[in-house]
Amino acid sequence: MENIKSSVFLYLTSRQKSQLLGTLKAYFKKFSNFSEIELAYKFLEDEKYYIDIKNPHFEFVGKYFDDDNFLNDIVKFFKYCALEKHQLELLEPYRQKEKEYAKIQRKKALDFKMSKLKPTKKQIMYYDKLTKAHGIEKKEVEGASRLDLRNWIMEIIEKNEYNSKTS
């Protein structure tokens, strides 16, 4: 994909260009239901209004209102934004798969880490209270890991939720 920033608004300073492109990108996101040319005219119309009320966002834009190159550059940038948006939409399923995979990997890493650590006092106390409250035989906590205790606690809680839903 071409770098649009190096091919539009060559007559502006780098700071002016950066400010203008940021604003144009925000316009594109805000008014995404407009076509590129409608969006360009809306931007110019809004900037004319702000110049008329003596509160311009960009003072340098005033001298380019009648310049066709300025309008063409705006339209070109909006077309680039539309293309970029379309490509991101095409990649969305792959990005979702990557997120799911990363989530699974984080869970595996956490489980591995928990399997190597001793259970906390709070975990042991909570497990003791749960076993007493539900009348379940308590398993041996000595030598168990945090992961074991977490799994035992989740089993008790899930059984209790299942029983409460069925009755």
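R150 counts as partly exposed, at 23% relative accessibility (buried is under 20% relative accessible area, exposed over 50%, partly exposed in between, with a 1.4 Å probe and protein chains only). R150 also joins K107 and D111 in a network of salt bridges (a side-chain nitrogen of Lys or Arg within 4 Å of a carboxyl oxygen of Asp or Glu). Please keep in mind that this is a predicted model, in which local features need pLDDT of at least 70 and side-chain atom pairs pLDDT 80 or more, while totals for chains, interfaces and linings use all residues. Residues are numbered from 1 along each chain as its sequence is written, and side-chain values use heavy atoms, leaving out hydrogens and water.

**Salt bridges**
- The structure holds 7 salt bridges.
- D111 and R150 meet at 3.0 Å, N to O; D111 lies in helix 3 and R150 in helix 5 (residues 146-166), so this pair ties together parts 39 residues apart in sequence.
- D111 also pairs with K107 at 3.3 Å, and these two lie 4 residues apart in helix 3, about one turn.

**Helix 3**
- Helices here are DSSP runs of H or I with at least four residues, numbered from the N terminus.
- Helix 3 bends by about 45° at E92, with P93 following within four residues (the bend is the angle between axes fitted to the seven residues ending there and the seven starting there).
- Its buried residues include F70, F77, Y80 and M114.

- K17, in helix 1 (residues 14-30), is buried yet has no salt bridge; D73, the nearest side chain of opposite charge, is 8.5 Å away (Lys and Arg count as positive, Asp and Glu as negative; His and the chain ends are not counted).
- The side chain of K17 does reach the backbone oxygen of V8 at 3.4 Å.

**Positive phi angles**
- F9, in the segment before helix 1, has a positive phi of about 55° although it is not a glycine, and F9 is buried at 0% relative accessibility.
- K54 has a positive phi of about 60° and is not a glycine either; K54 counts as exposed at 72% relative accessibility.

Methods
Polar contact = N/O pair within 3.5 Å; in protein donor to acceptor, adjacent residues only side chain to side chain.
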